[in-house]
Amino acid sequence: MKSARNYNMARNNYFNRGDLFSEFHRSIQDDTFKFLDLDAIFYNHCKRCNNKQILFIAETAYFKGNLFKSTDITRLMAKMMGVPAYLIFYHPVNANIKTTDAQIKELGYDPNLRLKVAKIDHLKSNYGYQFKDHTAYEWVMFEKEQRMLHKCNSLECIKWQK
C-alpha cells in the first residue's frame with residue numbers, strides 16, 4: 001500500500017515573516033485546514049485590447065542546498081489552468097554585495113541573483129525535477145521570450161491578426 005504523505009503549509013516560515021493572513025493561517029493548529037500561497041503568476045497584458053492571460057505559474061523558494069519542495073497543488077493548478085508550471089529556487093550570487101537601486105534602474109532587474117529552475121507541470125509526483133541554472137539576465141530573457149511568443153486570444157485581437 002502506498003504511504004499517504006500529508007503536505008501541509010509549513011507551520012514555520014523559515015526565510016522571512018509572511019503577510020498577516022499567511023502568518024494567521026500558519027498558527028492554526030488543526031492540520032485539516034489546507035492553505036497554499038501561490039508564489040508567482042506570470043501573465044501577459046495585451047496593450048491593444050487590455051486582455052490579461054496567464055503564461056505560467058511558479059512555486060519559489062530560497063535555495064539552501066536542498067532541491068526538494070512539494071509542488072502537488074501548484075502542478076494541479078497549472079493542469080486546471082492549462083498553463084506550464086515551474087519550481088524556482090533562488091539565491092544571491094554574492095550575499096555580501098547589495099545591488100543599488102540605481103543599478104537596478106539602469107539594468108531593469110537585479111543582477112545579483114541565481115536561479116535553479118525546473119519545469120514541473122508534466123510530473124506526476126514531487127520527484128524527477130530536472131533543474132537548469134539561470135543567471136538573472138537569462139531568466140529575464142526567458143520571461144521576455146514567453147511574452148513575445150504569446151499571441152492574445154481575445155476576439156478583438158484574433159480579428160486583427162487575420
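1. A residue is called buried when its relative accessible area is under 20%, exposed when that area is over 50%, and partly exposed in between, with a 1.4 Å probe and protein chains only. The structure is a predicted model, in which local features need pLDDT of at least 70 and side-chain atom pairs count only at pLDDT 80 or more, while totals for chains, interfaces and linings use all residues. Residues are numbered from 1 along each chain as its sequence is written, and side-chain values use heavy atoms, with hydrogens and water left out.

2. Overall organisation. The protein chain contains five helices and five strands; these are DSSP runs, helices being H or I with at least four residues and strands E with at least two, numbered from the N terminus. Read from the N terminus, the order of elements is α-β-β-α-β-α-β-β-α-α. Of the 162 residues in the protein chain, 29% are buried. Of the contacts (heavy atoms within 4.5 Å) with a separation of 6 or more, 55% are between residues 24 or more positions apart.

3. Strand pairing. Two strands pair if DSSP finds at least two bridges between them. β2 and β3 run parallel and are joined by six bridges, whereas β3 and β4 (residues 113-119) pair in the antiparallel sense over seven bridges. Ile-88 illustrates both pairings: this β3 residue is the bridge partner of Thr-60, and Ile-88 also stands opposite Val-117 in β4.

4. The nonpolar cores. A nonpolar core is a set of buried Ala, Val, Leu, Ile, Met, Phe, Trp, Tyr and Cys residues joined through side-chain atoms within 4.5 Å. The largest has twelve residues, among them Ile-57, Phe-63, Ala-78, Val-83, Phe-89 and Tyr-129. β2 and β3 each supply at least two residues of this core, and β3 gives the most, with three. A second, separate core has eleven residues, including Leu-55, Ala-58, Val-117 and Trp-139. As a general remark, nonpolar side chains in soluble globular proteins tend to be buried together.

5. Surroundings of Val-83. Which residues does Val-83 contact, leaving aside its neighbours within four places in sequence? They are Ile-54, Leu-55, Phe-56, Ile-57, Ala-78 and Asp-121.

6. Aromatic rings. Rings of Phe, Tyr and Trp (its six-membered ring) pair if their centres lie within 6.5 Å; planes under 30 degrees apart count as stacked, over 60 as edge-to-face and the rest as tilted. The structure holds 14 aromatic pairs. In one of them, Tyr-109 and Tyr-137 are tilted, with 6.4 Å from centre to centre and 45 degrees between the planes. Tyr-109 lies in the loop between α3 and β4 and Tyr-137 in helix α4 (residues 136-149), so the pair ties together parts that are 28 residues apart in sequence. Tyr-137 is partly exposed, because its relative accessible area is 45%. Elsewhere, ring pairs link Phe-42, Phe-56, Tyr-86, Trp-139 and Phe-142 into a cluster.

7. A charge over a ring. This arrangement requires NZ of Lys or CZ of Arg within 6 Å of the ring centre and within 35 degrees of the ring normal. Lys-116 lies over the face of Phe-63, at 5.2 Å from the ring centre.

8. Arg-75 and Asn-126. Arg-75 belongs to helix α2 (residues 72-81) and counts as buried, at 8% relative accessibility. Asn-126 lies in the loop between β4 and β5 (132-135) and is also buried, with a relative accessible area of 4%. Their side chains make a polar contact at 3.3 Å; the term denotes a pair of N or O atoms within 3.5 Å, and within protein one must be able to donate a hydrogen and the other to accept it, while residues adjacent in sequence count only if both atoms are side-chain atoms. The side chain of Asn-126 also reaches the backbone nitrogen of Thr-71 at 2.7 Å. The C-alpha atoms of Arg-75 and Ile-120 are 6.7 Å apart, although the two residues are 45 residues apart in sequence.

9. Two loop residues. Asn-50, in the loop between β1 (40-45) and β2 (52-62), has a positive phi of about 70 degrees although it is not a glycine. Most residues other than glycine have a negative phi. Val-93 lies in the loop between β3 (85-92) and α3 (101-107).
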